[in-house]
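This briefing covers one protein model and is meant to be read beside its coordinates. The points are grouped by topic.

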Amino acid sequence: MGGAVVDEGPTGIRAPDGGWGWAVLFGCFVITGFSYAFPKAVSVFFKELMREFGIGYSDMAWISSILLAMLYGTGPLCSVCVNRFGCRPVMLAGGLLASLGMVAASFCRSIVELYLTAGVITGLGLALNFQPSLIMLNRYFNKRRPVANGLAAAGSPVFLCALSPLGQLLQDHYGWRGGFLILGGLLLNCCVCAALMRPLEAPGPTSGPTPPRPSRRLLDLSVFRDRGFVIYAVAASIMVLGLFVPPVFVVSYAKDLGVPDTQAAFLLTVLGFIDIFARPAAGLIAGLRQVRPYSVHLLSLSMLFNGVTDLTGSTAGDYGGLVVFCIFFGISYGMVGALQFEVLMAIVGTQKFSSAIGLVLLLEAIAVLIGPPSGGKLLDATHAYQYVFVLAGAEVLASSLVLVLGSFCIRKRPEAAVGEEERHKPPADVRGDSREVEHFLKAEPEKNGEVVHTPETSV
């Protein structure tokens, strides 16, 4: 699933909507792919690592959980670093950290050392790349920002299709230590992507003093007064308990059924390939005029679909059944990924979205630390993957139930708000930067009313 970052960028500089922005988009695509596909792709090494260290599934699943938790839970730290040093230096440091973590992991002698290197260090490095890359993407694109964000988000399933079989191939030829070492070298490409993040410069000296920006809260906790946000946050946290469990265990599930390692790793490729098409398709459907007012219910339906898919996947008894499961899981997973942040923006609005997304990701980070390890504990106790998939499905179904039952509390935006937005639109002949108009609306909400959300800041 992708994240979202709201960033106003340098005042007075028009987004080029192309040019070098396409290079920035490519860098963001690669970094998004590494950030979200890497925690799932390392699961192909789990069997070998369990034999090496003599541990169970619950201990092994902590690696993926720590990676995801670092990616989700370090948003405030990334914001502070970017504000202090800028995007490019932070991303260069993050790329070095991500690579260093995997290289150091190849020399580990205990599972705790793997948690620290492959989990904490690599996870922090990927986090320091992901959020700044989205900030730069939003600075380079304005009119084409929805398309740019959609293309960047597609990096996650594309890289999942590639990294999973690559990891299995590296394990077969070089063992898990050699595989980790080579993956660490691949992560140095994050530094190359960081080099592409060229800061935008003003076309020339401006006449007159630059008006200072009004101060803004670092984190707006008033979103917790919105009942709709609280319901969404609770539902999202419950969902994440089970959402990431099947991709972590499906490869080991196939190997336990006697499927060859290469074919087992191919399951994640199938899942990722379906996800590539499911995300943009779900976004197009949600953007339809007749469907958009019911986006909350569409997200609930997507979560219900994902939960039912997990429950039916628990009955798979052969490789063909797992392939069918990965196809339907890829569809439902892509739908959830395409809709979750669009629904959040519809609930809280543009002004509070940056704070709301950070708080939701922090809550999800806690759930990510619990989900896969709890599935591993259940597997160690029962030695049956079916129960793991049933638990994951039940958690996602429960989240769908919370969201649909609480949807009546989520305030719906009146149609008058749309008319208010139309009145604030500049005339067609005015060529001012739309980012400055949005900044004006944010600076004086009491005079301009609430800003109606747009999908431009959603991934």
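The model is predicted, not experimental. The protein has 19 helices and zero strands. Of its 459 residues, 55% count as buried. Among contacts between residues at least 6 apart in sequence, 88% join residues at least 24 apart.

**Nonpolar core**

- The largest nonpolar core has 125 residues. Within this core, Phe38, Leu114 and Phe249 have the most contacts.
- Helix H6, residues 111–140, gives the most to this core, with 13 residues.
- Leaving aside residues up to four places away in sequence, Leu114 touches Leu49, Phe53, Ile63, Ala105, Cys108, Gly119, Trp176 and Phe180.
- One of these partners, Cys108, is buried, with a relative accessible area of 2%.

**Helices H8 and H12**

- Helix H8 spans residues 155–186 and helix H12 spans residues 261–286. Their axes come within 7 Å and cross at roughly 170°.
- An angle over 145 degrees counts as roughly antiparallel, so H8 is roughly antiparallel to H12.
- On the H8 side, the contact is made by Ser156, Pro157, Val158, Leu160, Cys161, Ser164, Pro165, Gln168 and Asp172.
- On the H12 side, the residues are Asp261, Thr262, Ala265, Leu268, Thr269, Leu271, Gly272, Phe273, Asp275, Ile276 and Arg279.
- By class, the contact of H8 with H12 has ten nonpolar, six polar and four charged residues.

**Helices H10 and H11**

- The axes of helix H10 (residues 227–243) and helix H11 (residues 245–256) come within 6 Å and cross at roughly 5°.
- Angles under 35 degrees count as roughly parallel, and H10 and H11 are therefore roughly parallel to each other.
- Leu241, Gly242 and Leu243 in H10 meet Val245, Pro246 and Pro247 in H11.
- The contact of H10 with H11 comprises five nonpolar residues, one polar residue and no charged residue.

**Cysteines**

- The structure holds zero disulfides.
- Cys191 is in no disulfide, and the nearest cysteine sulfur, that of Cys190, is 7.0 Å away. A disulfide requires the two sulfur atoms to be within 2.5 Å.
- Cys191 is buried, with a relative accessible area of 14%.

**Ser252**

- Ser252 is found in helix H11.
- At 1% relative accessibility, Ser252 counts as buried, because buried means under 20% relative accessible area.
- Not counting residues up to four places away in sequence, Ser252 touches Phe46, Lys47, Tyr57 and Tyr385.

**His383**

- His383 lies in the loop between helix H15 (353–382) and helix H16 (385–406).
- Most residues other than glycine have a negative phi. Phi of His383 is near 55°, a positive value in a residue other than glycine.
- His383 counts as exposed, at 67% relative accessibility, since exposed means over 50%.

Technical notes
Residues are numbered from 1 along each chain as its sequence is written. This is a predicted model: local features need pLDDT of at least 70, side-chain atom pairs count only at pLDDT 80 or more; totals for chains, interfaces and linings use all residues. Side-chain values use heavy atoms; hydrogens and water are left out. Axes are lines fitted to C-alpha atoms, for helices over the stretch in contact, and angles run from 0 to 180 degrees between N-to-C directions. Helices (H or I, at least four residues) and strands (E, at least two) are DSSP runs, numbered from the N terminus. Angles under 35 degrees count as roughly parallel, over 145 as roughly antiparallel, 65 to 115 as roughly perpendicular and the rest as oblique. Contact means heavy atoms within 4.5 Å. Ala, Val, Leu, Ile, Met, Phe, Trp, Tyr, Cys and Pro count as nonpolar, Asp, Glu, Lys and Arg as charged, and the others, Gly among them, as polar. Buried means under 20% relative accessible area, exposed over 50%, partly exposed in between (1.4 Å probe, protein chains only). A nonpolar core is a set of buried Ala, Val, Leu, Ile, Met, Phe, Trp, Tyr and Cys residues joined through side-chain atoms within 4.5 Å.
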